[in-house]
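Biologist: I am new to this structure and would like to learn how to read it feature by feature. Could we look at it together and begin with a pair of residues that face each other in a sheet?

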Amino acid sequence: MKLLARACWIRLGKLAAPALLALLSACSSTKYTVDDGRQVDPVLLGSISAYGSGERAIRPAIQRSSALKDKDCDKQWELPFAVVSSQGWDENDRVAWVRALGVDERLTVIATAPGSPLSPGEKLISVAGSSSTEAEQQLLALTEARDRGRAFAVQTAAGRGVVIQPFEVCRGYTRFAPPNTPRMQDYHWLLSMHPLEVPLANMNEDEALWLVLWSQGVSEEGGARMKTVHYSTKIASTLYSIFTIATGLKGAALAADAAISAAKNAAASAVGEVLKQQLIDQGKALALQKIRESFSDQLEQMTKGQVLGALQKAAANRGALSGISYVASTVFEKADEWAFTRVAQLNGNPLSAFSLHQKLLERDLTGNSMILDAERLSALNKVAAAKGFETEVVAILKGIKPAELVADVGAMPVASARKRFSYTLDNDPGANPYANGLIDATLSMPLATKKGK
């Protein structure tokens, strides 16, 4: 940089005023991506927007969860804001980041909690004394400063110095999939990564709180069980550290790409086989109903049939989880109850689990863990009924009683099928670094760089 600056000054003395001004501008400032109006991938653009929507929903909820002060849960440090960078992405994709969220190569604030000293849109150029121009290094500096739990300083591109105070929450980070792999989901005792279809449900404050508490509940209720499958302490200075800040970085997205490529065919096969016979049987049943019943009854039954189909898809999604996510799925009911109790402790609506489930169901968004399959719906309904909420639950579910749904789904042979797939073709966990899931793989994965090393 010093040599470049010297070269600039030598050249400045030899130029006329107009050229001098142009060169001065080129020598003294770094160029960042701007939206030049070009055509970008509309799917990626939508995914980036969903990513931002999800972060805006959960950041206040994460801060809200810190009020639990639960002495029995393991702890992690969090920040009152979320940042991402487009550094390392292709040029067209960087333009998409600018257009959707105003994000360029610098760490850009995309979501904040109430009282955050930073505002959406602000750019960070220095974190805890680190002024690296590499986004990965800045993110690692932010991670390290956060996890010390002490106040630290950042500087914005506008020259504003800001002091940041991390806060403590129950273990189990809540994060979303990178925008270039929007269907990615992974559940781990350190972090739960949710697919980008969840923000499409337009969560309210209590539903976002439910998502955060549920992710913490997976960690609290299933952590010990997951650790028996695989345990790693290589967390610092790895790609995982970047995941805990934000997953909208190319290095993390590349890792997600690799996992998706390894798993998508097996996943499609697993889910397809689970649903195939169910859809055939359901179609036959609805055809018979059309003959037997009146139009109004038929319409009601078809609506119920669609609900049953969605529950089947939710069960298939859960059954297709592999590696540590599969182990996590065995405690989803316990995580539901853990979160149900704590939503109420934070003065939230304890029935937000059911309302979020209903929103996802009505939009046919079934490839995630927030829509309840029949087993989870039954278990959580019993918890709600014990608190006197049975009537309210039925109202949220548009008049359909969970007990009836569970009975109908239970009569279908494939309803509880647990068809598993592996990231490896030969089911050998040691043959592929993603065998235990994306999050677990990042615990020992070196940082990606722009050169791909």
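Biologist: Which residue of strand 10 is the bridge partner of Y187?

Modeller: Strands of a sheet pair through backbone hydrogen bonds, either parallel or antiparallel. In this model, which is a predicted one, the bridge partner of Y187 is S192, a residue of strand 10. That bridge sits in a setting where strand 9 and strand 10 (residues 191-194) pair in the antiparallel sense over two bridges.

Biologist: What is the strand order of the open sheet of three strands, and what kind of pairing does it have?

Modeller: The order in this open sheet is 8-10-9, and the pairing is mixed. Strand 8 (173-176) and strand 9 (186-187) are at the edges with a single partner strand each, so one side of each has no neighbour in the sheet.

Biologist: Moving on from strand 10, where does N202 lie, and is N202 buried or exposed?

Modeller: N202 belongs to the loop that runs between strand 10 and helix 6 (205-229). Because its relative accessible area is 57%, and the cut-off for exposed is over 50%, N202 counts as exposed. Once its neighbours within four places in sequence are set aside, N202 is in contact with E207 and K359. Its C-alpha atom is also 8.6 Å from that of G54, although N202 and G54 are 148 residues apart in sequence.

Biologist: How many strands are in the other open sheet, the one with the order 2-3-4-5-6?

Modeller: That open sheet has five strands, and its pairing is antiparallel. Its edge strands are strand 2 (81-84) and strand 6 (161-164), each of which pairs on one side only. From one strand to the next, the twist averages 45 degrees. Within this sheet, strand 2 and strand 3 (residues 107-112) pair in the antiparallel sense over four bridges, and V84 stands opposite T108 in strand 3.

Biologist: Which strands of the sheet does helix 3 touch, and which does helix 5 touch?

Modeller: Helix 3 packs on the sheet by touching strand 2 and strand 3, and its direction makes about 55 degrees with that of strand 3. Helix 5 (residues 135-148) also packs on the sheet, where it touches strand 2, strand 3, strand 4 (123-127) and strand 5 (152-156), with a direction at about 65 degrees to that of strand 4.

Biologist: How should I read the packing of helix 3 against helix 4?

Modeller: Two packed helices are described by the angle between their axes and the distance between the axes. Helix 3 (residues 42-65) and helix 4 (residues 91-101) pack at an angle of about 45 degrees, with their axes 9 Å apart. That angle is why helix 3 is described as oblique to helix 4. The crossing in which helix 3 passes helix 4 is right-handed.

Biologist: Which residues of helix 3 and helix 4 meet there?

Modeller: From helix 3 come L44, L45, I48, S49, Y51, G52 and R56, and these meet D93, A96, W97, R99, A100 and L101 of helix 4. Sorted by class, this contact has eight nonpolar, two polar and three charged residues.

Biologist: How many residues of helix 12 are buried?

Modeller: Helix 12 (residues 352-362) is mostly covered, with nine of its eleven residues buried; among them are F354, L356, H357 and L361. After helix 12 comes D364, which has a positive phi near 55 degrees.

Biologist: Where does L308 lie, and is L308 buried or exposed?

Modeller: L308 is found in helix 9 (residues 295-319), and because its relative accessibility is 9%, L308 counts as buried. The C-alpha atoms of L308 and A374 are separated by 8.8 Å, while the two residues are 66 residues apart along the chain.

Biologist: To finish with the whole protein, how many helices and strands are there?

Modeller: The protein has 16 helices and ten strands, and buried residues make up 53% of its 453 residues. Of the contacts with a separation of 6 or more, 74% are between residues 24 or more positions apart.

How values were computed: Residues are numbered from 1 along each chain as its sequence is written. This is a predicted model: local features need pLDDT of at least 70, side-chain atom pairs count only at pLDDT 80 or more; totals for chains, interfaces and linings use all residues. Side-chain values use heavy atoms; hydrogens and water are left out. Axes are lines fitted to C-alpha atoms, for helices over the stretch in contact, and angles run from 0 to 180 degrees between N-to-C directions. Angles under 35 degrees count as roughly parallel, over 145 as roughly antiparallel, 65 to 115 as roughly perpendicular and the rest as oblique. A crossing is left-handed if the near helix is turned anticlockwise from the far one by less than a right angle, and right-handed if clockwise. Contact means heavy atoms within 4.5 Å. Ala, Val, Leu, Ile, Met, Phe, Trp, Tyr, Cys and Pro count as nonpolar, Asp, Glu, Lys and Arg as charged, and the others, Gly among them, as polar. Two strands pair if DSSP finds at least two bridges between them. Buried means under 20% relative accessible area, exposed over 50%, partly exposed in between (1.4 Å probe, protein chains only).
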